[in-house]
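Please look over the model below.

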Amino acid sequence: MRLKKLYFFYFRYILRNKLYLCASITFILLLGTRIIIYMNTWFAQENYGDLPAEIVIITQIVSILYIVYFYQSFSNELKFGVHTFFVDGYKIILEKLTALLLVHLSLQIMLLLIVYMTFTAVYIFVGIEFSSIYVSLFRFLIDYMFFPLLFTCFIGLIIALIFGANKVSIFFIIIVWFLSGVINQEVFSSFFETVGANDWKNLLSIGPNSIYSVYQSYIGFNVDSGLELKLLAWFLLLISILLVSSLKWTILQREKKIILSIVTGLIIGCIGFGFLSVHKNSLAFNSVDEMKETERYEELHSVDTNLHYKIHTYDITIDGDDVRTEIEFDHTATNSPSFQLYYAYPVQKVMVDGTKVSYAREGDIIHINSGTDKFKKITFYYKLTDTALIPYSKNSTILLANHGWYPKKNCKHIFEKDAYLGTVQRTNDVKVNEAYYFTLTADDVLFTNIDSAGRNYKGKTSGLSLIKGEGNQLKYKNYDIVYPADWPNMPKRIEEVTNRLESILSEIYILAPMKVNALPSKLVFMNNTTPNLINNDHLVYSTNGSTLAINDEEVMKDFERNLKESS
């Protein structure tokens, strides 16, 4: 009953407090200003997936105002020491702390909804279609705005409990705000540029890897279960510090024992969530992991392979992370066949005509000891894993035909060092003059270049591509088109884009031989650094990070050059 009264008392008090109201109104005004500036900056015209990144700096700016408010509010209460006049004085302190936290939680939920509705209105206004991007936007705001602002209450109260009204507390407020803010990966870039996604040092930051890039085509926003487990670890840690800081106001020994036992449980939970977080972080947005993987490929050398066989069919089943790929052969003439399979995918076992056999791996090449040169089937059992170069989760991934995500007849690694560019480049190994029958069984597929038959997909193609994640589909004439969820007004733009692509392909084919002589019927557009891929039945075209619309003249000027390079 007393907690309820305290809640309403603090709710009314905070709503009349100039500093708290100033912080909240400043947040909204800064957000509105940043959106207007963003929308009117020519070089970021349509980079709407990264628009919510504006929230990160605003959260950092406003958070210090909330910290100062809660510090001043509670340090003043402790200075007057009204709770000392009651037998259950310590209980009163805990109830006051709880009431303040609950009021701040309630008001931050309101602010979260206002900000979410603002971004939603902007997205609708610019023409972004309703899809899962609106759900993941809300999740992004919870992770990078709501929780960091919620933590400001804990920080202010903890400093008030430790230092009281001592002036030195201002110094600690600035230090804690500076060290724990959501932009600390930018402020301390020299430290975090060596921290991988699965490094324990990653627990020291609750901000994004980059405050400029928070969205990738089909992968979605830079949010994952690892980040949310880290936020829970921070939440439990802050509660523990808050309770420990309040111990000097305990009156009874029993109170102290209860608090210490609670803190012990919270610390165990904090360590547990932290441990899980380190192993659940996505590598999609981490440049350190990308650099390490690139360096690994630079050290790989060519491998001797044995490709004396002819593949007839593939039967691929994806169940969560587990993949079963059965290959049937037309003929074989080797007892040690080699295949290309991405090195990061751990192979559990390989079966040749129902018998388990041994194998050896060299980079992206796997050698099978079949024991006979007259085998009919080879079945691979392996797991898809998340890497920086080929991000993967159960709900979002881009597995293109040249990604080596299933065993292929190929003698090259997926990435090889380009002597001219001095870095690794993806090898374009999809041969249009070879085709195989594919059967694919998978859930939540956004795109694949073979025909759908319920949960199964069947068809004949030279290479299989699979995309899961945030994206939209569009049917135009005889084209099946897939494009990122943050691209606006595509139904109005697709005619101009396809007409230009058709025209350019026709012109190129007249002048020089190409893999294909017409625009494929399945088109995939994206906006990342994935190299373009063209095949008989599908085209994957990337605008390579351009912030302009796909039908912008500057973007369409690159069509010819990019299509030539991909052919």
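## Two annotated stretches

Over residues 170-192 the chain is 83% helix and 0% strand, with its end C-alpha atoms 27 Å apart. Helices here are DSSP runs of H or I with at least four residues, strands are runs of E with at least two, and both are numbered from the N terminus. This is a predicted model, in which local features need pLDDT of at least 70, side-chain atom pairs count only at pLDDT 80 or more, and totals for chains, interfaces and linings use all residues. Residues are numbered from 1 along each chain as its sequence is written, and side-chain values use heavy atoms, with hydrogens and water left out.

UniProt, in an unreviewed entry, gives the feature "transmembrane region" to several stretches, including 145-163 and 170-192. Such annotations may be inferred rather than shown by experiment; their positions follow the numbering used here, and feature names are shortened.

## A nonpolar patch

V168, F171, F172, I175, F178, L179 and V187 make a nonpolar surface patch of about 560 Å². Patch residues have over 30% relative accessible area and no salt bridge; nonpolar side chains (Val, Leu, Ile, Met, Phe, Trp, Tyr) are joined within 5 Å, like charges within 9 Å. A salt bridge puts a side-chain nitrogen of Lys or Arg within 4 Å of a carboxyl oxygen of Asp or Glu. Areas come from the Shrake-Rupley method with a 1.4 Å probe; for residues, only the protein chains shown count as cover.

Helix α6 (residues 168-180) gives the largest share, 6 residues. V187 sits in helix α7 (residues 184-187). V187 counts as partly exposed because its relative accessibility is 35%. Buried means under 20%, exposed over 50%, and partly exposed in between.

S75 lies in helix α3 (residues 54-80). Is S75 buried or exposed? S75 is buried, at 3% relative accessible area. Its side chain reaches the backbone oxygen of Y71 at 2.7 Å. A polar atom of the S75 side chain also lies 3.2 Å from the backbone oxygen of Q72. Beyond four places in sequence, S75 touches A160, G164 and A165. Contact means heavy atoms within 4.5 Å.

F285 is in the loop between α10 (253-280) and α11 (287-298). F285 is buried, with a relative accessible area of 13%. Its contacts beyond four places in sequence include N209, Y215 and F221. F285 and S210 are 75 residues apart along the chain, yet their C-alpha atoms are separated by 8.1 Å.

Methods
Buried < 20%, exposed > 50% of the residue type's maximum accessible area, 1.4 Å probe, protein only. Polar contact = N/O pair within 3.5 Å; in protein donor to acceptor, adjacent residues only side chain to side chain.
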